[in-house]
Amino acid sequence: MSRNTASPDPRLRDAMGLVLLACLPGLATSFWLLGWGLLWSLGLCAFTAACCEAAALALRKQPVTAALSDGSALVTAVLLALALPTGAPWWLPMIAAGIAIGLGKQAFGGAGRNVFNPAMVGYAFVLLSFPLQMNHWPAQAPGFSDSLQLVFANGEQIDAWAGPTVLDGLRHNHSLTIDELFASHPGFGNFGGHGVEWVNLAFLSGGLFLLQRKVFSWHAPAGLLAGLFLFSLLAWNGSGSDSNGSPLLHLLSGSTMLAAFFIATEPVSGPKTDVARLLFGLSAGALIYLIRTWGSYPDGTAFAILLMNLAVPFLDRLALRYRQVRP
Amino acid sequence: MNDYVLILISAALVSHLLLQEQAASRLRVHVCGLACALSIMLAVTGGQLLEHLIVAPWQLQDLRMFLLLPWQGLLAWGIPQTLARLRPEWPTQSLTWPILGNAMVLGLTLQVIGEQGKWLATLSWGVLAGLGFWLALELFDDLSQRSGHAQVPEALRGLPIALLGAGVMVMALSGLNGIFTQ
């Protein structure tokens, strides 16, 4: 077999194409909210992911063109770009994409063999390594030239444009009630994060499209949303200054819908049976809430997914036993 | 929290590598996890008892290790023996070294004694750390089974991919940082 002539798996290529199509509403809404920085981040992630994938495949003497044209590296890059702060310096998306492809995917054997979600490996790595740069969320969408300067000129005068997200605001609030936060805090919108609620709804629409096309089953996303809703409902302590936030706020803030429909549904690192997928989603939703509310990070999606990736064999075994004992 | 997680993962990784030297069945991993979990629980609570009964009254703080190391040795010998008597079908051979070389046993015991906490806190630490170690060992076993295939690059097969997996595992567990210190 020639190194560059093998054709990609058509099912994988079609599924990746549909996932990219379903990302478009979320990408467009994120672009409206965050501006040109998202496109720079997307370009840098895609470029680095393609280069790293090609380099790793070439080193392993595997077909390069076929693997690149299946679209899996591009999907990883898009998910990373959507998760990373758009005001981060240029090297941050590049490192994240390099780690995602190199460590998260190719080290474990490439497409169809990754044990962890590659995008989340890259995201968690940069979150732990560069916590300051991972807070560079712009309060307002910067213009074309401003975003270029922010990303490629190492973000001069960060304090002048960076703004806290709704989850940051909720975490560090000790004096204002929820109503006062919604009225005064720039990060809060109508139900969740300012603008982020619309981004979440856009990802929800994309996810429903993928469900309708049967790209994945409903179990993991429904489980994640149910887990997050249930735990935020149980731990909801009203709207006072010590509030943990309402279930609706948690569902429409941060990367909830992106996590539910585009990250938790990754088939390779996720469980193989429906019951296990449901448990995977439920546990991931619970972990996201736990980390958001009591952990050290405002949004725990990446950690929750990676932790649940570790538990996948256990969940599959559990589902198998459940199937055996069920009459 | 991070310190404990790092010690726990490191100790589990070493035990996992020791188990890998022989063909480790799932049952053997379970038995090793249980034995190490028991040794952690008993070492911590027993260490606290030794501190209260012998070290503190006699002011032997500088000689603490001379009591804790034999205690760990006794556990490493006694727990496999006890398990072998209770469950003769279990593979309890050569469990002494994974228990004796377990940094979590001595490290956590010293840490807990140094903090001079209450008995309930000591017991909680012992139980949680023991169960955490068992869980980490199981996760390593699952991870090595999932990454033990021919598609893994040749240069990364075996120990390198186990270390990379451990790195990602620690990254994932870092997300829980802060939760247990509220």
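Q: How is chain A divided into domains?
A: In this predicted model, domain 1 of chain A runs over 10-135 and domain 2 over 170-325. Their C-alpha centres are 21 Å apart.

Q: And how many residues of each are in contact?
A: From domain 1 of chain A, 24 residues are in contact with 25 residues of domain 2 of chain A.

Q: Which elements supply the domain 1 side?
A: Those giving two or more residues are α1 (10-34), α4 (72-83) and α6 of chain A. The biggest giver to that side is α1(A), with ten residues.

Q: What's the make-up of that side by class?
A: The side of domain 1 of chain A that touches domain 2 has 18 nonpolar residues and six polar ones, with no charged residues.

Q: Let's stay with α1(A). How does it sit against α2(A)?
A: Helix α2 of chain A covers residues 37-59, and its axis comes within 8 Å of that of α1(A). The two axes cross at roughly 125 degrees.

Q: Why do we call that oblique?
A: Roughly perpendicular ends at 115 degrees and roughly antiparallel means over 145. The crossing of α1(A) and α2(A) is at roughly 125 degrees, so the two helices are oblique to each other.

Q: Which residues make the contact?
A: On α1(A) they are S30(A), F31(A) and L34(A). On α2(A) they are G37(A), L38(A) and L39(A). By class, this contact has four nonpolar and two polar residues, and no charged ones.

Q: Switching topic: how many residues does each chain put into the contact between A and B?
A: Chain A puts in 27 residues and chain B 24.

Q: Which helices of chain A are involved there?
A: α6 (118-129), α15 (274-294), α16 (301-310) and α17 (312-325) of chain A each supply at least two residues of the side touching chain B. Of the elements on that side, α16(A) gives the most, with five residues.

Q: And what classes of residue are on that side?
A: The side of chain A that touches chain B has 20 nonpolar, five polar and two charged residues.

Q: Now over to chain B. Where does UniProt put "transmembrane region"?
A: The unreviewed UniProt entry annotates residues 30-51, 95-113, 120-137 and 157-180 of chain B that way.

Q: How much helix is there in 95-113 of chain B?
A: That span is 84% helix and 0% strand, with its end C-alpha atoms 26 Å apart.

Q: What about 120-137 of chain B?
A: Residues 120-137 of chain B are 100% helix and 0% strand, and the end C-alpha atoms lie 26 Å apart.

Notes:
Residues numbered from 1 in each chain as written. Chains lettered and ligands numbered in written order. Predicted model: local features only at pLDDT ≥ 70, side-chain atom pairs only at ≥ 80, totals over all residues. UniProt positions renumbered as here; feature names shortened; annotations may be inferred. Helix = DSSP H or I, 4+ residues; strand = E, 2+ residues; numbered from the N terminus. Contact = placed C-beta atoms within 7 Å. Nonpolar A, V, L, I, M, F, W, Y, C, P; charged D, E, K, R; others polar. Domains from an automatic or database assignment. Axes fitted to C-alpha atoms, helices over the stretch in contact; angles between N-to-C directions. Parallel < 35°, antiparallel > 145°, perpendicular 65-115°, else oblique.
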